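User: I'm new to reading protein models. Can we go through this one step by step?

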Amino acid sequence: MAAPRSVKLRQAALHPSAGCISVLARYYTGTEPVKSHRGISPRQEAAAERALFQAVLTLRSVEECRDFFRDLCTPAELQALADRWAVVGLLQRDMPYREIHRQTGVSVTTIGRVARYLGAGNGGYALAVRRLQER
């Protein structure tokens with residue numbers, strides 16, 4: 001019997017050769033992609049993702065970043081990103097999940113996901129925390 005599609009997606013996202021899987025698809029491993037890009041190859045999707053990150057790297061101030069992300073994201077998307085970043089700081093202070101939820105309103109599931117990626121993700125959260133502490 002063949003594995004269900006969600007299992008195949010999860011296995012593909014976790015396989016080392018799956019370098020073209022988008023960051024968001026890896027973030028939500030085990031769920032269907034938020035938006036299907038029919039007709040776009042994994043290589044094209046990876047190029048689009050890289051172009052986005054290159055655009056972010058051109059920004060020179062918090063104000064420029066704020067303007068860019070307000071143009072790029074819906075208010076709800078921007079709030080979700082800000083909430084996750086706030087959770088990172090609270091997890092760094094070893095605050096219990098329930099207390100983080102009480103203070104922020106972020107679901108315990110999302111807090112757990114942030115904690116998992118903080119400890120065993122791609123290293124992005126830890127790198128940003130470390131660089132902010134070095135300032």
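User: Is F69 buried, partly exposed or exposed?

Analyst: Quick heads-up: this is a predicted model, where local features need pLDDT of at least 70, side-chain atom pairs count only at pLDDT 80 or more, and totals for chains, interfaces and linings use all residues. Residues are numbered from 1 along each chain as its sequence is written, and side-chain values use heavy atoms, leaving out hydrogens and water. Buried means under 20% relative accessible area, exposed over 50%, and partly exposed in between (1.4 Å probe, protein chains only). With a relative accessibility of 24%, F69 is partly exposed.

User: What kind of aromatic pair do F68 and F69 make?

Analyst: Rings of Phe, Tyr and Trp (its six-membered ring) pair if their centres lie within 6.5 Å; planes under 30 degrees apart are stacked, over 60 edge-to-face, and the rest tilted. The whole structure has two aromatic pairs. For F68 and F69, the centres are 5.6 Å apart and the planes sit at 90°, so this pair is edge-to-face.

User: And which type is the pair of W85 and Y125?

Analyst: W85 is in helix 5 and Y125 in helix 8, so the pair links parts 40 residues apart in sequence. (Helices, H or I with at least four residues, are DSSP runs numbered from the N terminus.) W85 is partly exposed at 35% relative accessibility, whereas Y125 is buried at 18%. Their ring centres are 6.3 Å apart with 35° between the planes, and that makes the pair tilted.

User: How does helix 3 run relative to helix 4: roughly parallel or roughly antiparallel?

Analyst: Axes are lines fitted to C-alpha atoms, for helices over the stretch in contact, and angles run from 0 to 180 degrees between N-to-C directions. Under 35 degrees is roughly parallel, over 145 roughly antiparallel, 65 to 115 roughly perpendicular, and the rest oblique. Helix 3 (residues 42–57) and helix 4 (residues 62–72) pack at about 150°, with axes 10 Å apart. So helix 3 is, relative to helix 4, roughly antiparallel.

User: How is helix 5 oriented to helix 8: roughly parallel or roughly perpendicular?

Analyst: These two pack at about 70°, and their axes are 11 Å apart. Helix 5 brings R84, W85, V88 and Q92 to the contact, and helix 8 brings Y125, A128, V129 and L132. From that angle, helix 5 and helix 8 are roughly perpendicular.

Note on methods:
Contact = heavy atoms within 4.5 Å.
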